[in-house]
Amino acid sequence: LRINTFLQSWNAYRNNKQIPELKELLDTAQKYNLRIEGIAFSREIVRKMPIWYHAEADQRIRTMNHTLASKCLKTKHIVRTVGNAEVIAKALLEEEHEAQNNCGCQKCTHLRQSVQCVHPHGCMTQAMKLLDTLPPKWDPRSEFPEDYQKKPLNDGEDWKAFDGRVTTGGELADIFRIFADKNITPTNELPKLKPDTNVNGRHLVINEIVVATDGSCKNDGNDNTRAGAGIYVEKEHPLNRSVKLPLYLGQSKQIGELTAVKVAAELADQ
Ligand SMILES: [Zn+2]
Ligand SMILES: [Zn+2]
Ligand SMILES: [Zn+2]
């Protein structure tokens, strides 16, 4: 069940036996470091990933291809994706399900009749074992940032709401980045962005503040261009800042604007 070499952990031929157009495609992808990258992905995307040879799964998934249950999952249950496996594994959580292949629960009966599976419990268990090889970022059973990150407020008349959501949505094609940095290995941990509102059993109120930010640039285009960033809350407020941009950041109004937003977000978080 090799569907896509970029989504799975098998390698396509790279030698001259490969179809020239495909070889060129694979070589280009490697040369410019095409890879899956994103802070978090939507559950919809995570579910669309092929489960067999899943590229981000623990290596042990590669040894789980040829068991009796895996063969049944492939040929009878037609399991292809993470989402397919999730649906089958879910039946294990049903209250009326019993942990044996002659279980007479609704789901097991259905599997026996609809796909002629003779060991539904074994297949459900195997589907769960497959899911258990997925790191949190790729496991649809995890709590994802999309579960708790809210859509930002609507823009005001003279201000724009910052959208802090980190989830990549859309199609599987949208999870790829090209010209990725070879020196950085993407992490498969989920970012912990959930605000901690429950400290020692007490409910914390999250305070909101309104901050004005701006970037500035003097002598734009000259050798002695100097850029800065400003943050203003209200008169004499301790978070007010004026920032001189360090030279290594580059000197432009745009970099000043971005720096102001970054510093304001960091200060407001403390
Ligand atoms: Zn079977
Ligand atoms: Zn059952
Ligand atoms: Zn089965």
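Just after helix α1, N33 takes a positive phi of about 55°. Helices here are DSSP runs of H or I with at least four residues, and strands are runs of E with at least two, numbered from the N terminus. The model is predicted, with local features requiring pLDDT of at least 70 and side-chain atom pairs pLDDT 80 or more, while totals for chains, interfaces and linings use all residues. Residues are numbered from 1 along each chain as its sequence is written, chains are lettered from A and ligands numbered from 1 in the order written, and side-chain values use heavy atoms, without hydrogens and water.

Helix α3 (residues 68-75) packs on helix α6 (residues 120-131) at about 90°, with axes 9 Å apart. The two are therefore roughly perpendicular (65 to 115 degrees). A69, S70, C72 and L73 of α3 meet G122, C123, Q126, A127 and L130 of α6 (heavy atoms within 4.5 Å).

Because C72 lies in α3 and H119 in the loop between α5 (106-115) and α6, the pair ties together parts 47 residues apart in sequence. C72 coordinates the zinc ion (ligand 3) as well, 3.7 Å from ligand 1.

Methods:
Axes are lines fitted to C-alpha atoms, for helices over the stretch in contact, and angles run from 0 to 180 degrees between N-to-C directions. Angles under 35 degrees count as roughly parallel, over 145 as roughly antiparallel, 65 to 115 as roughly perpendicular and the rest as oblique. Donors are N, O and S atoms within 2.8 Å of the metal (3.2 Å for Na, K and Ca); water is not among the atoms, so sites may look incomplete.
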